[in-house]
Structures are given as C-alpha cells and as structure tokens.
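Morning, everyone. Please have the model up on your screens.

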Amino acid sequence: MFNEYDVIVVGAGHAGCEAAAAAANLGSSVLLITMDMTKIAQMSCNPAMGGIAKGQIVREIDALGGYSGIVSDKTAIQFRMLNRSKGPAMWSPRTQNDRALFTLEWRKMLENTPNLDFFQDMVKGLLVKNNQVCGVLTGLGMEIKCKSVVLTNGTFLNGLIHIGEKHFGGGRAGERAATGITEQLIQLGFTSGRMKTGTPPRIDGRSIDYSRLEEQKGDEKPGKFSYLQEIEPLKKQRSCYLAYTSDEVHEILKTGFEKSPMFAGRIQGVGPRYCPSIEDKINRFADKERHQLFVEPEGWDTVEVYLNGFSTSLSEDVQYAALKRIIGLEHVKMFRPGYAIEYDYFPPDQLSNTLETRRVENLYFAGQINGTTGYEEAACQGIMAGINAHLKVYNKKPFILSRSQAYIGVLIDDLITKGTEEPYRMFTSRAEFRILLRQDNADIRLTPMSYEIGLASKERFDRVNEKIKNSKELIKYFKDTTISPEEVNPFLSEIKSMEISQKTKAYSILSRPDATISGLADCSETIKSHLELYEEETIEQAEIQMKYTGYIIKEQETADKVSRLDDLILHDNFDYHKLNSLSIEAREKLSKFRPKTLGQASRISGVNPSDISILMVHIGR
C-alpha cells in the first residue's frame with residue numbers, strides 16, 4: 001500500500017505539522033500519521049499564539065519558512081504587541097485565534113504542500129534494525145518503511161486525564177491515548193518520565209455579563225507575525241476581558257482539595273511552574289486575595305469562551321460552584337470542565353543538537369515528548385527536526401542555530417545541555433543575547449540561512465535584502481538630515497528633553513530617550529514626506545538600529561567571543577574519565593551529555609571554567 005518514505009512524522013500537533021511541512025518543502029517524501037485528521041494542529045489549550053518570548057519564536061519559524069506565523073495571521077481575531085512600554089528586545093507579538101479556523105487553515109496549508117501524504121492511524125511501535133530506525137508499526141498492524149522518523153506525540157503517550165476523583169486514559173478530551181512507544185523506547189535504553197499539564201473549563205459566552213468585566217481590546221494598528229507581504233493585518237478584532245477570583249471563590253475551591261488528584265497524590269507528573277492550576281495558585285500564594293483571569297473568545301462565530309488562568313483538575317461540581325462566584329459569571333453555563341493530563345516524556349539530554357536521539361540513529365523527538373510546554377516551543381522544535389531529518393537522509397550538513405542566532409537555538413541548547421524535570425517554557429530572560437534576538441529582525445537573522453538550505457523561498461530572501469537595503473538608506477538619511485530648533489524644540493519640550501540652539505542632525509536627536517521617528521516626522525514636513533517612501537516595518541527596523549546601536553554592537557561583540565567556544569569541536573568518542581584533572585562532577589556530566597562543542601560543555605551545570613580551561617589545553621587551544 002505504501003512505498004518507502006524519506007521521513008515519517010508521528011503526530012499532527014504543532015511540532016508534527018511544522019516537521020512535516022519543512023521536510024516536504026525541502027524535497028523529502030513525507031508521511032504524516034495522526035490518530036484523527038480532523039484535529040490537525042489542534043489548539044488543545046488556549047486559542048492564542050505568541051506572547052512573551054513565544055511571539056519571537058513564531059516570527060523565527062516564519063523567517064525560516066514555516067507555517068505557524070501564516071496560519072496565525074489568517075485565523076487571528078485579535079493582535080497585540082506586548083511589552084511596548086519596554087525596550088524592543090522585550091516586544092512580543094500575540095494573536096488571539098479562531099480555534100476551528102486554525103485547524104482548518106493548517107490542514108489546507110499541508111494538503112497544498114507537495115511531497116506530503118497523510119494516514120490516519122495510531123503508531124504503536126518503531127521498526128529498528130542495527131540501532132537505526134527504518135519504519136513504524138501502526139495500530140492496524142501495518143509496517144511502513146522509511147529512512148527517518150520524527151516523533152511528536154504531545155500529551156498522548158500513555159496519557160491519563162484527571163477530573164476530581166475520576167481518571168481515564170486519553171491524550172486530550174474525547175481522544176484516546178497512544179500506547180506501545182514508551183515501552184519500546186525504554187527497552188531500547190531510553191529514560192522516560194511523567195509530566196502534567198492542565199486546561200480550564202470552557203464556558204458559554206452568552207451567560208457572561210461582560211459589562212462587569214474589564215475589556216482588553218487589540219492594538220489600534222494591529223501587526224502580524226508573517227513577514228510575507230500578501231498577509232494582511234486584521235481589519236476588525238474581537239475583545240478579550242479580565243475577570244478576577246476572590247476569597248469566596250478560593251474558599252469554594254478549597255472544598256475540593258481533599259478529592260483533588262494533585263493533592264491526593266494521584267498525579268505523579270510534574271506540572272508547569274509558570275502556568276500553575278488555580279488550586280496550585282491558591283495553595284502556593286495563600287496571601288493573594290485574588291488572581292487575574294483572562295476571558296478569551298474561541299473564535300469569530302462561536303459563543304465558546306476559554307477562561308485562561310483557571311486551569312484545574314478539581315471535580316466538576318466544585319469548578320462550577322466557584323465559577324458562579326466570579327463577578328460577571330454569576331449565571332455562567334459550563335460547556336465542559338477543566339482537567340489535568342499526565343503523560344510520558346523523554347528527558348531531552350538524550351538528544352543531539354539536531355534533535356536526533358543518541359541511542360537510535362535517524363530517530364528525532366520534537367515537542368512535548370522532550371519536556372516542553374506550549375504550541376510555539378513545540379512548533380520550533382518541529383521545524384528543526386523536520387529540517388535535520390531531511391538533511392540527514394540526503395547526507396547534507398546539519399542545520400543548527402546558536403544561542404546568539406535565535407530563541408530556537410536557546411531552547412534546543414537549554415534542553416540538550418541542561419535537560420528538564422519540569423515542563424520547559426521559553427522566557428526572554430533565558431536568552432542572554434535578547435537585544436540581538438528581537439522579533440523585528442528574525443527575518444534578517446534567519447531567512448538567508450534558511451534560503452541557503454533551500455527552505456525559505458526566493459520571495460522571502462529578496463524581501464529581506466530589500467528591507468536591509470532600505471533600512472540602511474533610511475539610517476543614512478537621518479545622519480545626513482538636519483532639523484532646526486524652531487521645528488524640533490516644541491517636541492523636545494514635550495518629552496522633557498533639552499532643547500537645541502542650532503541645527504542638529506536628526507540622527508543625534510533620535511539617540512535621546514523618548515525621541516521617536518514619528519515625533520520627528522510631526523515636527524518636519526520634509527522628514528514626514530520622505531518616510532512615505534518606506535514601509536512601516538523598514539521604518540521600525542531603522543529606528544531600533546539607530547536608537548540602540550551601542551547596545552547592539554556591544555552584545556554582538558560578546559556573542560562573537562562566546563561563539564568561538566562553539567567553534568571548538570569535541571568528538572563523540574572523547575573519554576572524559578581519562579582526564580583526572582577534570583572535577584569528578586565534570587567527568588560525569590560531560591560523559592552523560594556528550595557535548596558537541598566546548599561552548600555546549602561550558603553551559604552544562606556542574607562544569608566550571610577551570611574544567612573548560614583543561615579541555616581547551618587538551619584539544620590544543
């Protein structure tokens with residue numbers, strides 16, 4: 001029935017979809033296997049993409065030629081740029097999305113991708129020969145041969161759903177769990193663990209009194225994720241709302257703690273530290289009188305609402321009683337209760353930096369199987385696994401992003417050098433070079449690299465080069481253009497900056513705090529008319545480079561110094577136990593993690609600078 005494929009991707013969540021699309025667009029023959037083709041790229045949790053640090057990842061995926069940004073833009077019902085009050089390194093785009101449209105648009109994109117086939121079944125095992133994966137075994141007993149496999153099983157590996165004292169197998173509400181793979185991987189020598197995540201109840205928007213909630217509108221001038229020109233920003237938007245818990249709500253929730261699967265010890269998996277359940281928040285932050293909740297619409301044409309911040313595994317009657325005590329939700333109707341789900345994962349220190357497993361060749365892991373949480377974290381692993389699975393099949397050089405090149409590089413490096421014992425979520429604070437890794441320049445950083453390996457289109461590549469050229473032109477214009485005191489002093493007075501007494505270069509004015517290109521354009525008709533020649537994206541890029549040039553140069557110099565360590569290769573067969581001058585902990589950690597470079601070795605917990613110096617001497621540096 002099936003010919004042999006170059007790449008088989010198991011699971012059609014966010015990681016699986018990006019992996020399949022990337023490998024297929026690069027030219028591999030790809031089979032995407034999923035248990036339910038109506039749930040492709042399902043938003044299992046909240047209907048939103050992006051946010052703090054996550055928005056940067058979506059833009060990076062788009063810059064590489066992935067689909068997440070395009071689909072997010074096409075299905076958005078609201079756009080907000082978070083952290084605008086802070087510096088541009090912290091700006092993070094976020095969309096609220098139509099859940100149903102998101103899945104449909106993803107399926108449409110994949111069905112229009114050449115080289116990509118689909119099959120609906122459960123994969124219950126891998127075909128492994130001579131420590132190399134060579135195919136998969138499906139629930140129907142079919143053996144499908146391939147050269148490479150990407151596992152993106154999400155929360156489905158031996159998934160167990162908890163609601164109060166009830167628990168039952170499942171990978172998601174209404175869907176069965178996947179079995180067989182964990183047991184086989186353990187037999188092959190892999191280490192596994194259990195993790196837990198949760199979701200809040202879904203409620204009926206018709207039963208909410210929105211007049212008693214705080215409205216959160218989208219941006220007046222909404223942006224977008226994708227750098228592609230034909231993707232239009234939103235013309236209309238739906239609002240989100242803020243609600244709050246109270247002491248009364250907390251007391252009702254506490255009545256369910258005795259039967260809570262979390263407090264009773266029935267949940268063995270570790271939950272996400274930065275997205276705790278409502279009962280966990282009440283327990284850990286007992287001094288807080290209230291907790292913020294986000295009332296998020298699920299789409300354009302549905303009344304279903306997602307109550308972000310109310311994730312819970314308490315019994316449904318306790319959930320419902322507590323909901324009715326929230327201001328604005330007194331007459332609430334619940335579509336379905338929240339629940340917790342625990343599932344198997346494989347600590348990511350068992351992977352190389354291409355996301356290929358070290359125990360079985362040509363086998364790749366991406367997404368929650370690696371201990372991460374979040375659509376964006378999964379999707380970026382998917383695109384990297386898909387790229388590298390293709391490159392390995394065709395005997396090409398692997399595609400690896402460093403910590404100074406992308407948030408994606410930070411995420412993968414963190415996973416493989418540090419591992420994780422709790423669901424890993426990306427934050428801007430995890431990236432030491434975040435001034436370089438801004439959301440506005442992801443295309444400049446990554447599209448040329450992706451174009452070189454054949455993934456990003458020529459259209460994207462040409463557009464990036466045009467943006468770079470135009471930004472340089474605009475910066476030169478501001479360096480050459482003077483502005484008079486009469487023109488600019490009212491503006492300087494308004495922003496409480498020292499007024500000028502003679503004509504000054506516009507570039508110099510822009511270096512001042514709170515001075516902006518739009519502010520100078522309001523002062524000078526000449527500048528205003530010149531700006532009309534450029535796109536908003538180019539103007540923003542030029543402004544950031546002018547205002548933060550000193551910081552950018554300094555951080556790039558630091559990144560260049562660090563990257564020199566990443567240029568020093570450590571061989572896989574290096575015997576660290578023979579180097580008695582290394583600390584005992586360093587020998588143990590280096591033997592376990594098998595870092596590819598000296599830079600990676602330096603980031604492993606327990607490996608100190610003196611250990612790195614010893615390694616440098618040993619490899620002749």
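I'll start with the ground rules, then take the sheets in turn.

This is a predicted model: local features need pLDDT of at least 70, side-chain atom pairs count only at pLDDT 80 or more, and totals for chains, interfaces and linings use all residues. Residues are numbered from 1 along each chain as its sequence is written, and side-chain values use heavy atoms, with hydrogens and water left out.

A word on terms. Helices (H or I, at least four residues) and strands (E, at least two) are DSSP runs, numbered from the N terminus. Two strands pair if DSSP finds at least two bridges between them.

Now the six-stranded sheet. It is open and antiparallel, and its order reads β14-β15-β16-β17-β13-β18. Which strands sit at the edges? They are β14 (214-216) and β18 (334-336), each pairing on one side only.

β13 (202-204) and β17 (304-308) run antiparallel, joined by three bridges. Asp-204 has Glu-304 in β17 as its bridge partner.

Next, the three-stranded sheet. It is also open, ordered β3-β5-β4, with antiparallel pairing. β3 (48-50) and β4 (76-82) are the edges; each has a single partner strand, so one side of each lacks a neighbour in the sheet. Here the twist averages 15 degrees from strand to strand. β3 pairs with β5 (92-97) over three bridges, in the antiparallel sense. Met-49 stands opposite Thr-95 in β5.

Conventions:
Axes fitted to C-alpha atoms, helices over the stretch in contact; angles between N-to-C directions.
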